[in-house]
Amino acid sequence: MGDFSRKIDKFIDILINQDGYVKVLEGLQNTLLIAVLGLIIGIFIGTIIAIVRVLPKYKILPRILNGIAAFYVGAFRGTPIVVQLLIFYYVLFPLMGIRITGLNVSILVFGLNSGAYISEIMRSGILSVDHGQMEAGRAVGLSFWTTMVRIVIPQAIKNILPTLGNEFVALIKETSVVSFVGATDLYKAFNSIGSNSYEFMVPYLAMALIYIVLVLLISMGIKYMERSLRKSDRRH
């Protein structure tokens, strides 16, 4: 116990007296920023891809778009996200002559990766909506895209909300790899504290606790939204 207390004292000293908390707050901010913006980008891309995947394939253009979408999904789901980060940061952007920070490339890659997964989630959500909803929208003169965006997609999101919550949780946890491209996240912040003190036990335990709290808060938020939507459905 005495040795563990000494490790805690050393951790607190670096965290408070040596301004280690500044790095932790920066890491927490970046972790949330990457996850939130990555999810927003992912929902946008995933929704477009899902609509393309459910388009009737009578004409050549929908077939071409479906092929592109299938390749995109396969490429991003078939490679680890850390590999995608390294390729974008060290290969693609340098070849194009683009200078971009590790934080920005992390947001972009997490968004593109999430879009591939959310596209499948959204596609299943769209298919779960009664086909009569689409027919009703078309019957009153709405276009396919208008009916999809205004009628079908909102209902699909209700159906897939828990799964979207799981995707957000996954994004939060996966941000621990962004240090590979120089971005400061929770892992890099606590690893820096451990390196300064030569004691990694307490920093890593503290990091794990923060991740657990974040996941619990997200889970509680998703459950609250689900209850609110169920109450709204009962009123209607």
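1. A helix in this note is a DSSP run of H or I with at least four residues, and helices are numbered from the N terminus. With that in hand, Met148 sits in helix H7. Please keep in mind throughout that this is a predicted model.

2. Let's start with the overall picture. The chain has 9 helices and 0 strands, and reading along the sequence gives the pattern α-α-α-α-α-α-α-α-α. Along the principal axes, the C-alpha trace spans about 75 × 50 × 25 Å. There are 236 residues in the chain, and 39% of them count as buried.

3. Next, the largest pocket, which holds about 240 Å³ of space. Its lining is made up of 13 residues, and those closest to the pocket centre are Val54, Ile126, His131, Met134 and Met148. Which helices each supply at least two residues of this lining? They include helix H5 (102-128), helix H6 (131-139) and helix H7 (144-174). By class, the lining of the largest pocket splits into 10 nonpolar, 2 polar and 1 charged residues.

4. Is Met148 buried or exposed? The cut-off for buried is under 20% relative accessible area. Met148 has a relative accessible area of 2%, so it counts as buried. For a sense of distance across the model, take Met148 and Lys23: they are 125 residues apart along the chain, and their C-alpha atoms are separated by 44 Å.

5. How many salt bridges does the structure hold? The count is 2. One of them pairs the side chains of Arg53 and Glu120, at 3.4 Å from N to O. Arg53 belongs to helix H2 (residues 20-54) and Glu120 to helix H5, so this pair ties together parts that lie 67 residues apart in sequence.

6. Glu120 also forms a salt bridge with Arg123, and here the closest N and O atoms are 3.1 Å apart. About one helical turn separates Glu120 and Arg123, because they are 3 residues apart in helix H5. Arg123 counts as partly exposed, at 26% relative accessibility. Through shared partners, the salt bridges join Arg53, Glu120 and Arg123 into one network.

7. Now for the surface. A nonpolar patch is formed there by Val83, Leu86, Ile87, Tyr90, Val91, Leu92, Leu95, Met96, Ile98 and Phe180, and together these residues have about 910 Å² of accessible area. One of them, Ile98, lies in the loop between helix H4 (81-95) and H5. Patch residues need over 30% relative accessible area. Ile98 has 38% and is therefore partly exposed.

8. At 28% relative accessibility, Ile41 is classed as partly exposed. Ile41 and Ile14 are 27 residues apart along the chain, with 36 Å between their C-alpha atoms.

9. Ala75 belongs to helix H3 (residues 60-77). Its relative accessible area is 31%, so Ala75 is partly exposed. In sequence, Ala75 and Gly182 are 107 residues apart; in space, C-alpha to C-alpha, Ala75 and Gly182 are 24 Å apart.

10. Met201 is part of helix H9 (residues 201-235), and at 41% relative accessibility Met201 counts as partly exposed.

Notes. Residues are numbered from 1 along each chain as its sequence is written. This is a predicted model: local features need pLDDT of at least 70, side-chain atom pairs count only at pLDDT 80 or more; totals for chains, interfaces and linings use all residues. Side-chain values use heavy atoms; hydrogens and water are left out. On a 1 Å grid over the protein atoms alone, a cavity is a set of points where a 1.4 Å probe fits but cannot get out, and a pocket is an open set with protein on both sides within 12 Å along at least five of seven lines; lining residues have an atom within 4 Å of a point. Grid points are joined across faces, edges and corners, and a volume is the space filled by probe spheres set on the points. Ala, Val, Leu, Ile, Met, Phe, Trp, Tyr, Cys and Pro count as nonpolar, Asp, Glu, Lys and Arg as charged, and the others, Gly among them, as polar. Patches are made of residues with over 30% relative accessible area and no salt bridge: like charges are joined within 9 Å, nonpolar side chains (Val, Leu, Ile, Met, Phe, Trp, Tyr) within 5 Å. Accessible areas come from the Shrake-Rupley method with a 1.4 Å probe; for residues, only the protein chains shown count as cover. A salt bridge is a side-chain nitrogen of Lys or Arg within 4 Å of a carboxyl oxygen of Asp or Glu. Buried means under 20% relative accessible area, exposed over 50%, partly exposed in between (1.4 Å probe, protein chains only).
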